[in-house]
Amino acid sequence: MSLLIIVDHPADPWISYFAEFAPDLRIRVWPDDGDPEEVRFALAWEPPYGTLGQFPNLQAVFSSAAGVNGVLRDTSLPPHVPIFRTIGHDAPSLMAEFVTMACLMLHRGVPGLLRQARQRIWESNFGQKTVGDVSVGVLGLGTLGSAAALRLRSFGFPVAAWSRSGRPLDGVTVLAGKDGLVEIARGSNILVCLLPLTEETVGAVDRRLLSLLPPGAGFVNVGRGEHLDEKALLDALRSGHLSGAVIDVCRDEPPSPDHPFWMEPLVMMTGHNAAVSDRRSRAMRIAENIGLIERGRMPEGLVERARGY
Ligand code: NDP
Ligand code: OXD
C-alpha cells in the first residue's frame, strides 16, 4: 500500500514523520516511476493538472493544507475519490493569534507609525481609540474563522462575520448572502478575509466592497490572493480611503520582486505565515485518517467537491 507525496517543497520531513506514524505505508514522492496501480493514497498541495487521474486504485487524497483549492484544480481526479483537508491541532490557535495581531496593528496604526519612523518623525497621535470602538468583520466563519472571531471577541473587539449558512456563533453577529456582505463591509473598521477560495468567493473583496468600508478602515487577507482585487486595494490605500493592510496571501506566491505590495508603505506583507501548522501533527492526523479508511470509517475533513470547500 503506497502513499504518494505531491508537494512543491522538500518531502523529507513528511517521509520521516510517516515512518514514525505509519511504518507499514510505502512512501513515494512525485514524480516517480513506480507502478501507478500501487498508489492508494495521495498527499497533495498543488498537484500539476492531470496528476491525480493517473492512479486507478486511489482511495483518498489528503490536502497537505487547510485550503483545498490547489487540489480541486486537478479535475482529473475521478469524482468518487474523496478529498480530505488537513487541519493541524495548532492551526485554529495560530490563525486566531495572527488575525488578532493583524487587527491590533491596524487598529493602532502600525503601518503609519512605521512610515513616520522611517521619516524620523517622533510625535504623539491624538484621538486614539480602544478596541471596543473598532468593529471587525470576518469573512468566513469556519474552523479558522470561528477561532479568529472568538479570539477577537475575547480581546474586546465587536465582531460580525459572514458565512454561507449564517450559522450562529456566540457573541458574534453572523450574516449571510449578498446583502449580508454589504452590511458587514459598511460596519467594519477592519475587514478580515478568511474564506476558502471557491467559484463563489473568488474576487469577493472587489473595488465596490472596499469602497463600502468606512473611511480609515484596514484590511487583512489571510484567505487566498484570488479573493482580492489587488489594484483596487492599492488605489484605496493611496487615495487615503483605507489606512493599512496586512497581506498574508497573494495571487502569485511568491509575488514577483516588482509586485507593488512590496514597496507600498501601508501594506504589511507576511509571506503566507498566518498559520503554518506543525507538519508532524498533520502527518499524524493523515496517518490516523488512513487507518480509519482502512477500517471502513470516515475521517473528518471531507471536502464537498461541488461547493469547493
Ligand atoms: P472552513 O472550510 O472551515 O470554513 C469556510 C467558511 O467560509 C465557512 O464559514 C463557510 O460558510 C464560509 N463560506 C464558504 N463559501 C462561502 C460563500 N460563498 N459565502 C459566504 N461564506 C462562505 O475553512 P477554514 O476556516 O478552516 O479556512 C478558511 C481558509 O483559510 C482556507 O480555505 C484557506 O484558504 C485559508 N488558510 C490560510 C492560511 C494562511 O496561513 N494564510 C492557513 C490555513 C488556511 P459555512 O459556515 O456556512 O459553511
Ligand atoms: C493553507 C494552509 O491552506 O497553510 O493556506 O494550510
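In these legends, helices (H or I, at least four residues) and strands (E, at least two) are DSSP runs, numbered from the N terminus. What you are looking at is a predicted model, where local features need pLDDT of at least 70, side-chain atom pairs count only at pLDDT 80 or more, and totals for chains, interfaces and linings use all residues. Residues are numbered from 1 along each chain as its sequence is written, chains are lettered from A and ligands numbered from 1 in the order in which they are written, and side-chain values use heavy atoms, with hydrogens and water left out.

**Figure 1. The whole chain, before we zoom in.**
Start by getting your bearings: the chain has 10 helices and 12 strands. Its C-alpha trace spans about 65 × 40 × 30 Å along the principal axes. How does the radius of gyration fit a compact globule? A compact globule of 309 residues would have a value near 19 Å, and the chain's 21 Å agrees with that. (The radius is taken over C-alpha atoms, and the globule rule is 2.2 Å times the number of residues to the power 0.38.) Of the 309 residues, 48% are buried; here buried means under 20% relative accessible area, exposed over 50%, and partly exposed in between (1.4 Å probe, protein chains only). The chain exposes about 15,300 Å², with carbon and sulfur atoms supplying 53% of it. Those areas come from the Shrake-Rupley method with a 1.4 Å probe, and for residues only the protein chains shown count as cover. Now take the contacts (heavy atoms within 4.5 Å) with a separation of 6 or more: residues 24 or more positions apart account for 63% of them.

**Figure 2. Ligand 1 and the residues around it.**
Which residues are closest to ligand 1? They are Arg85, Leu141, Ser165, Asp248 and Tyr309, out of 30 residues that surround it. To be near a molecule or strand, a residue needs one of its heavy atoms within 4 Å of it. Sorted by class, this shell holds 14 nonpolar, 10 polar and 6 charged residues. (Ala, Val, Leu, Ile, Met, Phe, Trp, Tyr, Cys and Pro count as nonpolar, Asp, Glu, Lys and Arg as charged, and the others, Gly among them, as polar.) Helix H5 (residues 143-155) gives the largest share of the shell, 3 residues.

**Figure 3. Polar contacts of ligand 1.**
A polar contact is a pair of N or O atoms within 3.5 Å; within protein, one must be able to donate a hydrogen and the other to accept it, and residues adjacent in sequence count only if both atoms are side-chain atoms. Find the side chain of Arg85: one of its N or O atoms sits 2.7 Å from an oxygen atom of ligand 1. A polar backbone atom of Leu144 is 2.9 Å from an oxygen atom of ligand 1. At Arg164, a backbone N or O atom lies 2.9 Å from a nitrogen atom of the ligand. Taken alone, ligand 1 exposes 950 Å², and the protein buries 93% of that.

**Figure 4. Ligand 2 and its five neighbours by name.**
Ala65, Ala66, Gly67, Arg224 and His272 surround ligand 2. That makes 2 nonpolar, 2 polar and 1 charged residues by class. Oxygen atoms of ligand 2 lie 2.8 Å from a backbone N or O atom of Ala66, 2.7 Å from a polar backbone atom of Gly67 and 2.7 Å from a polar side-chain atom of His272. On its own ligand 2 exposes 210 Å², of which the protein buries 78%.

Most residues other than glycine have a negative phi, and most peptide bonds are trans. Check out His272 again: its phi is near 55°, a positive value. His272 belongs to the loop between strand S12 (267-269) and helix H10 (279-294), and it counts as partly exposed because its relative accessible area is 28%. Arg120 also has a positive phi, about 55°, and sits in the loop between helix H4 (110-118) and strand S6 (136-139). Is Arg120 buried or exposed? Exposed, because its relative accessibility is 77%.

**Figure 5. Two cis peptide bonds.**
One cis bond joins Trp30 and Pro31, with omega about -5°; Pro31 lies in the loop between strand S2 (26-29) and strand S3 (39-44). Another joins Glu253 and Pro254, also with omega about -5°. Look for Pro254 in the loop between strand S11 (242-247) and helix H9 (260-263).
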